Amino acid sequence: MQIHNLSESNSVLNHFLAQIRAVDVQKDSMRFRRNIERIGEIMAYELSKILPYESVTIPTPLGIKSTTAIKDPVVICSILRAGLTLHNGFLNYFDAAENGFISAYRHHPNNDDYFDILVEYQAIADIDQKTVVLVDPMLATGQSIVAVYKKIMATKNPSSVHIAVVIAAPEGIAYLKEHLPSNCHLWVGSIDEKLNEKSYIVPGLGDAGDLAYGVKL
């Protein structure tokens with residue numbers, strides 16, 4: 001798996017990452033959502049640099065311009081519900097993209113710290129021979145992303161697969177390396193220190209879904 005850690009070089013991305021982490025700033029849910037969306041826009045721009053392009057000619061009012069355009073159709077797929085804000089950022093840049101939405105969540109059958117991943121609702125465009133961008137703000141254990149990947153790739157053959165996360169734990173990255181093909185691309189806003197005993201990212205930012213949309217029951 002090819003890893004692209006975007007915070008390794010200074011940019012406005014780090015400014016937005018700092019704001020979504022700050023407890024005094026993230027209390028404003030509208031600002032939190034917008035910052036995640038802007039991070040998605042930055043990630044989409046960086047990802048676009050390695051996509052395949054083709055030559056095209058564009059008629060203008062005064063002549064013809066030769067340029068390039070993205071070759072393969074793009075499908076953006078987000079993991080509900082936290083992925084929606086990041087999804088919007090990617091869609092702002094890949095505005096002609098098709099879309100997909102899939103639910104994956106931690107299920108605690110014994111009401112303790114043990115959990116498995118349940119993948120249920122799925123509504124996704126045909127991804128065959130297309131560029132798939134799977135987005136989820138937090139990469140903790142990596143189990144959700146791998147479960148979703150296996151679900152949507154079971155009968156399809158995309159031209160390329162990109163996974164975009166805002167914050168990742170080393171344990172989650174290691175899990176993806178173990179379970180996903182080597183030609184997958186992982187785009188990361190920041191790689192944090194570790195997972196705690198409840199498998200949450202430290203220092204992280206808290207629950208991205210709750211911060212964006214309110215605390216769930």
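The model is predicted: local features need pLDDT of at least 70, side-chain atom pairs count only at pLDDT 80 or more, and totals for chains, interfaces and linings use all residues. Residues are numbered from 1 along each chain as its sequence is written, and side-chain values use heavy atoms, with hydrogens and water left out. Helices (H or I, at least four residues) and strands (E, at least two) are DSSP runs numbered from the N terminus.

**Packing of α1 and α2**

- Helix α1 (residues 12-21) packs against helix α2 (residues 29-48) at an angle of about 150°, and their axes are 9 Å apart. Axes are lines fitted to C-alpha atoms, for helices over the stretch in contact, and angles run from 0 to 180 degrees between N-to-C directions.
- The two helices α1 and α2 are therefore roughly antiparallel; angles under 35 degrees count as roughly parallel, over 145 as roughly antiparallel, 65 to 115 as roughly perpendicular and the rest as oblique.
- The α1 and α2 crossing is left-handed. A crossing is left-handed if the near helix is turned anticlockwise from the far one by less than a right angle, and right-handed if clockwise.
- From α1, Val 12, Leu 13, Phe 16, Leu 17, Gln 19 and Ile 20 meet Arg 31, Phe 32, Asn 35, Ile 36, Arg 38, Ile 39 and Ile 42 of α2; contact means heavy atoms within 4.5 Å.
- The contact of α1 with α2 has 9 nonpolar, 2 polar and 2 charged residues. Ala, Val, Leu, Ile, Met, Phe, Trp, Tyr, Cys and Pro count as nonpolar, Asp, Glu, Lys and Arg as charged, and the others, Gly among them, as polar.

**Packing of α2 and α3**

- Helices α2 and α3 pack at about 45°, with axes 7 Å apart, and are therefore oblique to each other.
- The crossing of α2 and α3 is right-handed.
- Residues of α2 in this contact include Arg 33, Ile 36, Glu 37 and Ile 39, and those of α3 include Thr 85, Leu 86, Asn 88 and Gly 89. By class, the contact of α2 with α3 has 9 nonpolar, 5 polar and 3 charged residues.

**Gln 26 in the α1-α2 loop**

- Gln 26 lies in the loop between α1 and α2 and, at 10% relative accessibility, counts as buried. Buried means under 20% relative accessible area, exposed over 50%, and partly exposed in between (1.4 Å probe, protein chains only).
- A polar atom of the Gln 26 side chain lies 2.6 Å from the backbone oxygen of Ile 20.
- Leaving aside neighbours within four places in sequence, Gln 26 contacts Gln 19, Ile 20, Arg 21, Phe 32, Leu 205 and Leu 211.

**Backbone features in loops**

- The peptide bond from Leu 80 to Arg 81 is cis, with omega near 0°; Arg 81 is in the loop between β4 (74-80) and α3 (83-93).
- A cis peptide bond, with omega near 0°, also runs from Val 202 to Pro 203, and Pro 203 sits in the loop between β12 (201-202) and α6 (208-213).
- Gln 129, not a glycine, has a positive phi of about 60°. Gln 129 is in the loop between β6 (116-124) and β7 (131-135) and is partly exposed, with a relative accessible area of 45%.
- Ser 199, in the loop between β11 (194-195) and β12, has a positive phi near 65°. Ser 199 counts as buried at 17% relative accessibility.

**Pro 59**

- Pro 59 is in strand β2 (residues 53-60) and counts as exposed at 63% relative accessibility.
- Pro 59 and Leu 217 are 158 residues apart in sequence and 54 Å apart in space, C-alpha to C-alpha.

How values were computed. A polar contact is a pair of N or O atoms within 3.5 Å; within protein, one must be able to donate a hydrogen and the other to accept it, and residues adjacent in sequence count only if both atoms are side-chain atoms.
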